[in-house]
Amino acid sequence: MVVLTKPGIDHFPIVKNCKSSSFFNGVPLIDLSKPDSKNLIVKACEEFGFFKIINHSVPVEFITKLESEAIKFFSSPLAEKQKAGPADPFGYGNKKIGPNGDVGWVEYILLSTNSEFNYHKFASVLGVNPETIRAAVNDYVSAVKKMACEILEMLAEGLNIHPRNVFSKLLMDEKSDSVFRINHYPPCPEVQQFKDNNLIGFGEHTDPQIISLMRSNNTSGLQILLKNGHWISVPPDPNSFFINVGDSLQVMTNGRFKSVRHRVLANSVKSRLSMIYFGGPPLGEKIAPLASLMEGEESLYEEFTWFEYKKSAYKTRLADNRLVLFEKVAAS
């Protein structure tokens with residue numbers, strides 16, 4: 001695969017020889033209402049670092065309300081949306097992803113899940129009520145966070161770890177450093193000119209936190225990287241959630257679970273809206289493989305705090321392998 005840039009669309013990255021029309025039907029499907037789901041979740045985290053869940057507990061009205069508010073905001077004129085920016089890191093961002101030169105065909109809102117987070121940036125955006133957005137985000141995030149904790153506790157049970165809240169307590173901690181992101185990928189008609197090439201909406205990366213829960217509308221674009229090195233397109237499903245293993249969970253399981261590398265391609269016709277909850281630990285939390293999972297194995301990673309990892313990750317590009325700096329060097 002060759003990545004290059006195409007002049008004329010503001011020098012956005014292009015993926016060459018990438019056909020996004022055929023979908024991969026092998027994404028693990030987990031029905032949270034079934035008794036064997038905990039074991040299936042463990043298997044999915046080992047094989048893919050990614051899975052889809054159905055029969056979840058997030059109320060439909062929370063999803064539709066927040067999606068409605070997001071569409072209202074992203075439909076505003078650019079000059080109005082920019083009043084809620086720049087993303088520092090929170091607020092509105094457009095095309096620029098992070099501080100190190102990454103760009104994509106995307107605009108977004110990045111928010112802290114801290115209950116004291118101030119929505120004042122949205123107050124000056126015409127036609128947008130910051131309190132309405134706050135209420136919609138809080139309802140949605142509370143429900144998704146609860147589901148994230150349920151999944152993490154099922155994971156712990158599936159791994160025979162005690163106590164079962166060994167992962168979930170990090171999200172439940174009042175100092176949990178979790179964030180919430182709403183991405184909007186506008187349609188890009190120029191994509192049709194690229195034949196087998198495609199425009200990058202959000203470049204390839206892994207999520208640094210413990211777990212990510214993503215819900216999108218019915219527009220395709222999400223791709224994940226399989227162990228065999230092939231990128232595959234994930235069929236969209238607005239009624240389900242997609243779960244990513246994050247870098248921190250990979251470390252805590254000593255590499256048994258792998259954080260999934262993923263990206264989003266632009267769509268030529270339809271806009272894509274995705275809402276992602278990134279469940280993170282408190283800044284001072286020490287991240288290291290759990291002793292109960294080691295079974296005499298050597299640790300693959302140096303211990304680090306979540307603050308140290310965030311600080312390190314902030315200096316990297318999207319596609320960089322951030323964990324390599326924290327891997328233990330095998331004795332020669």
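In what order do the strands of the open sheet stand, and what kind of pairing do they have? In this predicted model, the open sheet has 8 strands in the order S3-S4-S12-S9-S14-S7-S6-S5, and the pairing is mixed.

- From one strand to the next, the twist averages 25 degrees.
- S3 and strand S4 (residues 50-54) run parallel and are joined by 3 bridges, and Asp31 stands opposite Ile54 in S4.
- Helix H4 packs on the sheet, where it touches S4, strand S6 (102-112), strand S7 (179-185), strand S9 (211-216), strand S12 (241-245) and strand S14 (272-279), and its direction makes about 130 degrees with that of S9.

**Helix H1 against helix H4**

- The axes of H1 (residues 37-47) and H4 (residues 130-158) come within 8 Å and cross at roughly 90 degrees, which makes H1 roughly perpendicular to H4.
- On the H1 side the contact is made by Ser37, Lys38, Asn39, Ile41, Val42 and Cys45, and on the H4 side by Ile151, Met154, Leu155, Glu157 and Gly158.
- Sorted by class, this contact of H1 with H4 has 6 nonpolar, 3 polar and 2 charged residues.

**The buried face of H1**

- Ser37, Ile41, Val42, Ala44 and Cys45 are buried in H1, and, seen down the helix axis, the buried residues fall within an arc of 165 degrees, so they line one face of the helix.
- An α-helix has 3.6 residues a turn, so residues three or four places apart point the same way.
- The cover over the buried residues of H1 includes S3, S4, H4 and S12.

**Backbone details**

- Most residues other than glycine have a negative phi, and most peptide bonds are trans.
- Gly85 and Pro86 are joined by a cis peptide bond with omega about -5 degrees, and the peptide bond from Asp88 to Pro89 is also cis, with omega near 0 degrees.
- Pro86 has its place in the loop between helix H3 (78-81) and S5, and Pro89 is found in the loop between H3 and S5 as well.
- Lys95, found in strand S5, has a positive phi of about 70 degrees although it is not a glycine, and Lys95 is partly exposed, with a relative accessible area of 27%.

Definitions and conventions:
Residues numbered from 1 in each chain as written. Predicted model: local features only at pLDDT ≥ 70, side-chain atom pairs only at ≥ 80, totals over all residues. Heavy atoms only, no water. Axes fitted to C-alpha atoms, helices over the stretch in contact; angles between N-to-C directions. Helix = DSSP H or I, 4+ residues; strand = E, 2+ residues; numbered from the N terminus. Parallel < 35°, antiparallel > 145°, perpendicular 65-115°, else oblique. Contact = heavy atoms within 4.5 Å. Nonpolar A, V, L, I, M, F, W, Y, C, P; charged D, E, K, R; others polar. Pairing = 2+ DSSP bridges. Buried < 20%, exposed > 50% of the residue type's maximum accessible area, 1.4 Å probe, protein only. Arc of directions from axis to C-beta.
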